[in-house]
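Q: I have a model open and want to learn how to read it. Can we take the features one at a time?

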Amino acid sequence: MRRATKVYVLITQFIFNMILGGILGAMLGKYQDPEGTSEALYSGIGLILGLFVSMLLLYQFFRNERLTKVDNEENGQSD
């Protein structure tokens with residue numbers, strides 16, 4: 001159950017990072033150039049940045065989980 005909760009939180013965080021990156025990009029594009037097509041460009045950039053940030057957070061989470069697992073195995077503890 002604990003593992004399922006972690007996976008659910010990671011997936012939810014991933015989705016929200018992508019959505020918020022796109023929304024913030026669209027808002028910035030609308031502010032920068034209200035008459036032009038910058039909104040779509042900035043939305044795309046926001047999505048890419050959201051993806052990048054999500055990947056960094058996932059990498060950090062899995063690295064910390066691996067380190068915790070190795071420490072627990074060295075100390076003879078079980079999860």
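A: Start with F16, which lies in helix α1, residues 2-32. Helices (H or I, at least four residues) and strands (E, at least two) are DSSP runs, numbered from the N terminus. The model is predicted: local features need pLDDT of at least 70, side-chain atom pairs count only at pLDDT 80 or more, and totals for chains, interfaces and linings use all residues. Residues are numbered from 1 along each chain as its sequence is written, and side-chain values use heavy atoms, with hydrogens and water left out.

Q: How many helices and strands does the protein chain have?

A: The protein chain has 2 helices and 0 strands.

Q: Why does the span of α1 agree with what its residues should give?

A: The expected span of a helix is 1.5 Å times one less than its number of residues. The 31 residues of α1 should therefore span 45 Å, and its end C-alpha atoms are 44 Å apart, which agrees.

Q: Is F16 buried, partly exposed or exposed?

A: Buried means under 20% relative accessible area, exposed over 50%, partly exposed in between (1.4 Å probe, protein chains only). F16 counts as partly exposed because its relative accessibility is 48%.

Q: Which residues form the nonpolar patch on the surface?

A: Patches take residues with over 30% relative accessible area and no salt bridge; like charges are joined within 9 Å, nonpolar side chains (Val, Leu, Ile, Met, Phe, Trp, Tyr) within 5 Å. A salt bridge is a side-chain nitrogen of Lys or Arg within 4 Å of a carboxyl oxygen of Asp or Glu. Here the patch consists of V7, I11, I15, F16, I19, L20, I23, L24 and M27. Together they have about 850 Å² of accessible area, by the Shrake-Rupley method with a 1.4 Å probe, where for residues only the protein chains shown count as cover.

Q: Which residues of α1 are buried?

A: In α1 these are L10, G21, G22, G25, A26 and G29. Across the protein chain, buried residues make up 16% of the 79 residues.

Q: What does S54 touch?

A: Contact means heavy atoms within 4.5 Å. S54 is in helix α2, residues 38-75. Not counting residues up to four places away in sequence, S54 touches Q13, F14 and N17. S54 counts as buried because its relative accessibility is 2%.

Q: Which side chain makes a polar contact with that of S38?

A: A polar contact is a pair of N or O atoms within 3.5 Å; within protein, one must be able to donate a hydrogen and the other to accept it, and residues adjacent in sequence count only if both atoms are side-chain atoms. The side chain of S38 makes one with the side chain of D33, at 3.2 Å. S38 lies in α2 and counts as buried, at 15% relative accessibility.
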